[in-house]
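Take a look at the model below.

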Amino acid sequence: DEHAVVAYLGDGATSEGDFHEAMNFAGVFDAPVVFLCENNNWAISLPRERQTASDSIAQKAEAYGFEGVQVDGNDPVAVYETVGGALADAREGNPVLVESLTYRQGAHTTSDDPERYRPAEEDLPEWRTADPLERFETYLREQGVVDDVFVAECRADAEAELDAAIEAAEAVDAPDADDVFDYVYAERTPRVDDQQRWLTSYLERHDPQQREF
Ligand SMILES: Cc1ncc(C[n+]2csc(CCOP(=O)(O)OP(=O)(O)O)c2C)c(N)n1
Ligand SMILES: [Mg+2]
């Protein structure tokens, strides 16, 4: 068949029941799926060593009857080749789990402070913790594929795209609170109506913008 899908997940997600159910289902029913696990070594503050006692995440596929592979997730060409091959297998009815080894460069979210839990020096290879963008840029320069002008243009383009995206997102008005209730069921239930009435009266008495979090 021509169709296959890629399901993306993190290293932390592999501890959840859904992951194992999905892997089992895929193995039993020959589902055309590539599970792409981005192993960035952290699930917020929980390190990979505390996430699983397995030697690798890729090896978990074996228990479900299909192939699991590791790839250098900081090498775009290697990821492209590996996922391309996995998709070809998936189209044949052979699901694949790809464990992409990378590293979280920054905080998990703006409310996270990794300095509270992350060691300054970690026992991980440099190919994994180094900045993949810088590494790929160096590679392309060495191959003579890109030069200073191209790199500068690329950065300017990317920054302009980001600025435009931020501007577009900030221009969106705050949503109407009623929207929360409108798209849940095809036919509204009395309970949803009750909840909406409760929220409407709550908002008449409280201004959420004045709350301190
Ligand atoms: C059942 C459940 N427990 C806890 C959380 C809180 N939580 C949100 S993201 C996250 C970490 C996810 O880590 P990972 O799967 O490695 O993804 P990453 O963000 O590192 O790519 C956690 C624990 C959640 N969303 N759901
Ligand atoms: Mg993670």
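Which atom of A13 lies 3.0 Å from an oxygen atom of ligand 1? A backbone N or O atom of A13 does. This is a polar contact (a pair of N or O atoms within 3.5 Å; within protein, one must be able to donate a hydrogen and the other to accept it, and residues adjacent in sequence count only if both atoms are side-chain atoms).

First, the ground rules. The model is predicted, so local features need pLDDT of at least 70 and side-chain atom pairs count only at pLDDT 80 or more, while totals for chains, interfaces and linings use all residues. Residues are numbered from 1 along each chain as its sequence is written, chains are lettered from A and ligands numbered from 1 in the order in which they are written, and side-chain values use heavy atoms, leaving out hydrogens and water.

Back to ligand 1. Taken alone, ligand 1 exposes 590 Å², and the protein buries 47% of that (Shrake-Rupley method, 1.4 Å probe).

D11 and W42 return at the metal. The magnesium ion (ligand 2) is coordinated at 2.1 Å by D11 (OD), N40 (OD1) and W42 (O). Donors are N, O and S atoms within 2.8 Å of the metal (3.2 Å for Na, K and Ca); water is not among the atoms, so the site may look incomplete. In sequence, the donor residues are spaced D-x28-N-x1-W. D11 sits in the loop between β1 (5-10) and α1 (17-29) and W42 in strand β3 (residues 42-43), so the pair ties together parts 31 residues apart in sequence. Helices (H or I, at least four residues) and strands (E, at least two) are DSSP runs, numbered from the N terminus.

Are these two residues buried or exposed? D11 is buried, at 1% relative accessible area, and W42 is buried, at 6%. Buried means under 20%, exposed over 50%, partly exposed in between (1.4 Å probe, protein chains only).

W42 also joins an aromatic pair with Y117, tilted, at 5.4 Å centre to centre and 55° between the planes. Rings of Phe, Tyr and Trp (its six-membered ring) pair if their centres lie within 6.5 Å; planes under 30 degrees apart count as stacked, over 60 as edge-to-face and the rest as tilted. Y117 is partly exposed, at 23%.
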